[in-house]
Amino acid sequence: QVQLVESGGGLVQAGGSLRVSCAASGSAFSRYDMGWYRQAPGKQRVLVAGISTGGSTSYAESVKGRFTISRDNAKNMVYLQMNSLKPEDTAVYYCNAVLRRAGLSTTYWGQGTQVTVSS
């Protein structure tokens with residue numbers, strides 16, 4: 001089992017940058033596929049970026065070229081560097097961990113961190 005705690009959210013002006021972090025407790029962090037999701041008011045939670053156990057990354061079209069996901073397995077951390085932020089990036093950002101084993105997957109969520117981009 002893993003527990004996830006996000007940090008680093010806040011208020012930033014459009015065009016600015018912000019890095020959100022996710023600290024994972026528990027063992028075998030390197031075995032989890034990690035991701036960042038976001039949920040804006042009145043909208044569904046959507047995947048923003050993902051990074052696999054092998055380090056492969058994927059991004060939503062809306063953030064490609066602006067956001068970068070990374071992980072540090074030695075520190076049990078995953079990061080989302082957000083550049084050229086836009087007001088539409090405003091949302092609660094959630095850290096996600098998925099453990100895939102024997103054909104089954106187990107998903108864990110953090111509590112979320114608010115990111116607000118002012119115009």
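A salt bridge is taken here as a side-chain nitrogen of Lys or Arg within 4 Å of a carboxyl oxygen of Asp or Glu. By this rule, the predicted model contains four salt bridges. The legends below describe close-up views.

**View A. Salt bridge between Asp33 and Arg100.** The closest N and O atoms of Asp33 and Arg100 are 2.3 Å apart. Asp33 belongs to strand β4 (residues 32-39) and Arg100 to strand β9 (residues 91-101), so the contact ties together parts of the chain that are 67 residues apart in sequence. Arg100 has a relative accessible area of 53% and is therefore exposed, the cut-off for exposed being over 50%.

**View B. Salt bridge between Asp89 and Arg38.** The side chains of Asp89 and Arg38 meet at 2.9 Å, N to O. This pair links distant parts of the chain, 51 residues apart: Asp89 sits in the loop between β8 (77-82) and β9, and Arg38 in strand β4. Asp89 is buried, with a relative accessibility of 0%. Arg38 is buried as well, at 11%, because buried means under 20% relative accessible area.

**View C. Network of salt bridges joining Arg38, Arg66 and Asp89.**

**View D. Salt bridge between Lys64 and Glu61.** The closest N and O atoms of Lys64 and Glu61 are 2.8 Å apart. Lys64 is partly exposed, at 46% relative accessibility, whereas Glu61 is exposed, at 62%.

Conventions. Residues are numbered from 1 along each chain as its sequence is written. This is a predicted model: local features need pLDDT of at least 70, side-chain atom pairs count only at pLDDT 80 or more; totals for chains, interfaces and linings use all residues. Side-chain values use heavy atoms; hydrogens and water are left out. Helices (H or I, at least four residues) and strands (E, at least two) are DSSP runs, numbered from the N terminus. Buried means under 20% relative accessible area, exposed over 50%, partly exposed in between (1.4 Å probe, protein chains only).
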